[in-house]
Amino acid sequence: MIGPVVPKFDWGQKVVAVADLLNDGTFPELPEEALIVPQGGVGDVVQVGMHTETNTVVYMVEFGP
């Protein structure tokens, strides 16, 4: 069994998008594949969670305008 994974980023920490983030249908008011955040966009981690089946850290990031 693999032990618990420690998150790399904490709540409130600034992060940078390393790739363009495109709409996968999550935002129905935008066309699919529309650019949501460009590469290099800066955001703040607002929540840290865990996908228990895959033992993967999941982050919710809020990107500003």
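**Sheet, surface patch and loops of a predicted model**

Leu30 counts as partly exposed because its relative accessibility is 35%; buried means under 20% relative accessible area, exposed over 50%, and partly exposed in between (1.4 Å probe, protein chains only). The model is predicted, so local features need pLDDT of at least 70 and side-chain atom pairs count only at pLDDT 80 or more, while totals for chains, interfaces and linings use all residues. Residues are numbered from 1 along each chain as its sequence is written, and side-chain values use heavy atoms, with hydrogens and water left out.

Leu30 is found in the loop between strand E2 (21-22) and strand E3 (35-37). Strands (E, at least two residues) are DSSP runs, numbered from the N terminus. Leu30 also belongs to a nonpolar surface patch with Leu21, Phe27 and Ile36. Together these residues have about 300 Å² of accessible area. Accessible areas come from the Shrake-Rupley method with a 1.4 Å probe; for residues, only the protein chains shown count as cover. Patch residues have over 30% relative accessible area and no salt bridge, and nonpolar side chains (Val, Leu, Ile, Met, Phe, Trp, Tyr) are joined within 5 Å. A salt bridge is a side-chain nitrogen of Lys or Arg within 4 Å of a carboxyl oxygen of Asp or Glu.

Glu33 lies in the loop between E2 and E3. Its phi is near 75°, a positive value in a residue other than glycine. Most residues other than glycine have a negative phi. Glu33 is exposed, because its relative accessible area is 53%.

Three strands form an open sheet in the order E1-E4-E5, with antiparallel pairing. Strand E1 (14-16) and strand E5 (56-63) are the edge strands, and each pairs on one side only. The twist averages 55° from one strand to the next, with axes as lines fitted to C-alpha atoms and angles running from 0 to 180 degrees between N-to-C directions. Strands of a sheet pair through backbone hydrogen bonds. Here, two strands pair if DSSP finds at least two bridges between them. Three bridges join E1 to strand E4 (residues 42-51), and the two run antiparallel. Val15 stands opposite Gly43 in E4.

Asn55 is placed in the loop between E4 and E5. Asn55 is not a glycine, yet has a positive phi of about 55°. It is partly exposed, with a relative accessible area of 25%. Gly3 sits in the segment before E1. Its relative accessible area is 41%, so Gly3 is partly exposed. Gly3 and Asn55 are 52 residues apart in sequence, and 8.6 Å apart in space, C-alpha to C-alpha.

Notes:
Helix = DSSP H or I, 4+ residues; strand = E, 2+ residues; numbered from the N terminus. Patch = residues over 30% accessible without salt bridge, like charges linked within 9 Å, V, L, I, M, F, W, Y side chains within 5 Å.
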